[in-house]
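This report describes selected features of one structural model. It turns to the disulfides, then to a sheet and a cavity.

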Amino acid sequence: MLNFNTQAGFRNRYSSHGQVFKASPLPKRLKTGFAATVAMLLLCCFSFQPLFAQQCNIATPSGTNVNLFLGANGNVTLNSNVFIPYVSSPNCPGGSIEIWFDILATVPFPPTNYDCSNVGNVVPVFVTIEGPFSQSNAVLFNVTIVDNLPPLVAWPANVNAPADPAACARAVNSLTPIVTDNCPGSYVVTWTRTGATPGSGSGSANGVYNVGVTQVNFSIDDLNTPGPVNGTHTTTVVITDSQAPTITPSSLPNQVHIANASCQASVTWNGGFHPVASDNCSLMFPASLLYTIQMSGATFLAPTSLPTVGPPTAFAPYTFNQGVTTVTYTAFDGINTTTLTFTVTVNDTTAPSFGAAPTVSTVAAVNCSAPVNINLTPFITDNCTIAANIVKTFTVTSASSGNSPYPLNVPQNGANVNATFLAGVYTIVFKATDGSNNMQTHTLTLSVLENTAPIAACQNFTAYLGANGTVTVNAQSLNNGSTDNCAVTVYEMFIGAGPLWVTSQNFNCAQIGNFSALFRVKDAAGNTSTNCGPVTITIADNMPPVAQCKNISVNLDQVGNTQHSIVATDINNMSYDNCTPMGSLTFEISEVFGGPYGASVVFDCSDVTTNVNPAEIVYLRVTDASLNVSNICSAQVTVNDVTPPTALCQNIAVSLTANGTASITANNVNNGSSDNCSFTLSVSPSTFNCTNLGANTVTLTATDIDGNTATCTATVTVQDLTPPTLVCPASPINVYLDANGNVNVPASLVGAGSTDNCTITLYEIRKVAINPAGFGPWASSQTYNCDDVGLHTVRLRVQDQSGNPNPIGTGILCNNAINVVDNIAPVAICNSVSVALGSNGQVTIPALSVSLGSTDNCYSVIFPTCILTREISTNGGNTYGPTALFTCGNLGSNNLVHVRITDCHGNDAVCTTNVTIQDNEAPVVTAPADITIECTASINPTVNLSLGTATATDNCTATAFVPPFTDVVTGCLPTGKDDYSYLEIR
């Protein structure tokens, strides 16, 4: 229920003197009787204006319709609050609205929830107002459940994307509107598509979209909300074709063909069919694909359209010209282009032809010459190159005799030989080259005839064999002024019994001597003279041998200084001669370049090759069978001593010096070592120190002049006979007690200044008591404690690793060698305390009470030989004392104190803590006299009472303060039929 005004009633207060009155609710049927009773009580005891019962009445006309709107969560509650705007009753102030199922209901209409499933339902509700004393008339309301919240829509974004692979469309999955509504499912989304992909539908517009622009027009209608469409939106979908057409096959090999007699070639490819063109959009847009073939280069073909549908298109062989033609297939879908390109090369491999050109030409010489004009140009043709572009040359070679007017074997331009030739026979080679560098040759023999024979004149001749033992004698070497009316062109000779006339003859070493020969000549026309001779041909050898040396190595005999001999052939390195074989050559050797030369040389120990004595140089000379003497060559002879020395050893003993070292020489351990030549001795190791005490193996090495070595071993016994030198500390050694109050002093610390030529291995000290006199045991260390703080005298003795001195003895006295020091400060540990002030407002705290846990390495609670001094400071550590005084001004826990702990050796430490000062003595209070007050029956009496002033005393406060107080009686309340109580406020 909703209260329009605060209901009249009692104001109740708490009282420490009486009971609180509180009214409890009553059932509806008892409300009227109770109200009269309450009214009488109000008239009796209180001055409030009473409420009078009046008749309630609802002024709203019957039959009013009320719309109840669903909220954002799709729910709404029907309760009495819904009707506040629709009902009022001027006669029922403070009344509350109640709703009922019908006019006969005895139980109010409870709050009821409605949701989207109830939209449109009409709920009849009876409404009344409940006043303090009566109930209004019932009014009927028809409540309609209404959804007036439109949906919220997130519309799909525009799409711009390429078509799917191998397709002219794309599957689009982002065209679903995201709808939020308080009543899910109470709306309908519809759409229509225009453009490249027309259509319509509802819900999601996802699907396959064609290439192009499609407008998707969305609308949404909330079925719970009557009226026009609730919202519209247009999404643009652009699908682009980014896929190039396909040409199959995607590539064709380049073509290479040979030109025919017409300088062309007939060519086919791809099995006689054009490649097939297709496109991802060819089925949807068949007219958009343009497919052409074109040719450029040696053969031209303008772009020619080809079919884009159906089976592959056949084509006849196509004729290509000589050269390179580029064939290009092009597929264009209106946006993207694909090309297939290959080349067709027609090569010309046919050489030009000389046709029926002559091969022989003969002319008669007049006065030894004749004009010649031979033109083969008219005979030369080619399949591709026109005659004017054929490159034509010729060369002239004298075949047997004659002298060409053209340089022999030099190409001449053209194919026209036009010049005067001397008598003789000529070979003319014509060459024709076409534009493709194909070449053809044609040979013609030209004979210029002449009949007068030449006259021969001859002479003797001597020929010398060459380095290879041969020599060639030309017939012209026998000529001694032969003549001809034109010119002599050929020289011939007939040697001994022949059997042939030759222009030259080879001779070798086996033919050294004289030969008889005839001589004749010929001219360019082949006319031959009469024979001349006989003449003598002499074959001689005047070439010396070639001497070649090699370096050698020789070994001396094992017997010292024995000579070693080498012969000349030992250093020969394939010396040779043009005629005389090596076995027949004479070899000689010398140690001096200028000789004398002989068959051998001798070496001994003085010639042994070493780092300072280089290898010996010897020289070789060779003479052949014709007594020709060679050049002089040199060789290095390395003379080796391969016999090692003999090493013999003996054992020795050595003593270390004062610095702890000793050394030996090789002679110290040598026992008669020897060698065939000369040698040196070395020993290793040769130095020793303290680490080598005892037996040591050394190696004696004998090395001769050629580096041959021999070794033997000896034992070197190293001894140490020097005792250590004892040295006491120059000043007392400070040693420091540890945390347990002890210190261990090693003897090596006291004897650290002692020395030895080797190593001191044993240090010992013993305590020396001065008063009374006494000695402690020898030990490698001595222990001192807190009782030993100060100087101490000890006796020191040492011994080295060899036991020197032996016996060790009593050592030396080291006065005041050790100073035992305690430098460890106490551990100051503070503890907090809480103490109460006395009746005089003061308290004294000793330092011990706040430092009970403090310790020191020389302090023992049980045996306190080293007493700890404890002091306390209340002024930040400026001054310390054994105790600290606290007063009322120190009340609380913020009293910081410093505690200083000092041990018996003067080491100190400080800690801090807080001291809590408490005041536990309560003030003594003297109270005023008691007062008794009677309550009367009068309404709201007010009485102010003065109870007097209390007095008090305290240990910290000079005058205790007690605040005054008053009692105020604010009224009487009935506690029974005849009793009253009052409320006291203090």
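The link of Cys-649 and Cys-712 is right-handed, with 80° about the S-S bond. The model is predicted, so that local features need pLDDT of at least 70 and side-chain atom pairs count only at pLDDT 80 or more, while totals for chains, interfaces and linings use all residues. Residues are numbered from 1 along each chain as its sequence is written, and side-chain values use heavy atoms, with hydrogens and water left out.

**Disulfides**

With a disulfide taken as a pair of cysteine sulfur atoms within 2.5 Å, the count comes to 15 disulfides.

| Disulfide | S to S | Angle about S-S | Handedness |
|---|---|---|---|
| Cys-649 to Cys-712 | 1.8 Å | 80° | right-handed |
| Cys-728 to Cys-814 | 1.9 Å | -75° | left-handed |
| Cys-866 to Cys-904 | 1.7 Å | -110° | left-handed |

Strands are DSSP runs (E, at least two residues), numbered from the N terminus. Cys-649 lies in the loop between β43 (633-640) and β44 (652-655), and Cys-712 in strand β49 (residues 709-719), 63 residues apart. Cys-728 belongs to the loop between β49 and β50 (733-736) and Cys-814 to strand β56 (residues 812-821), so this link ties together parts 86 residues apart in sequence. Cys-866, in the loop between β58 (842-846) and β59 (869-873), and Cys-904, in the loop between β61 (892-902) and β62 (908-918), are 38 residues apart.

Relative accessible area is classed as buried (under 20%), exposed (over 50%) or partly exposed in between, with a 1.4 Å probe and protein chains only. Cys-712 is buried at 14%, as is Cys-814 at 1% and Cys-866 at 2%. Cys-728 is partly exposed at 25%, and Cys-904 is partly exposed at 40%.

**An open sheet**

Five strands form an open sheet of mixed pairing in the order β8-β15-β14-β11-β12, where pairing requires at least two DSSP bridges between two strands. Its edge strands, β8 (159-162) and β12 (199-202), each pair on one side only. Strands β14 (residues 212-222) and β15 (residues 231-240) run antiparallel and are joined by nine bridges. Phe-218 stands opposite His-233 in β15.

**Nonpolar and polar lining**

The lining of the largest cavity comprises nine nonpolar, four polar and no charged residues; here Ala, Val, Leu, Ile, Met, Phe, Trp, Tyr, Cys and Pro count as nonpolar, Asp, Glu, Lys and Arg as charged, and the others, Gly among them, as polar.

Note on methods. Helix = DSSP H or I, 4+ residues; strand = E, 2+ residues; numbered from the N terminus.
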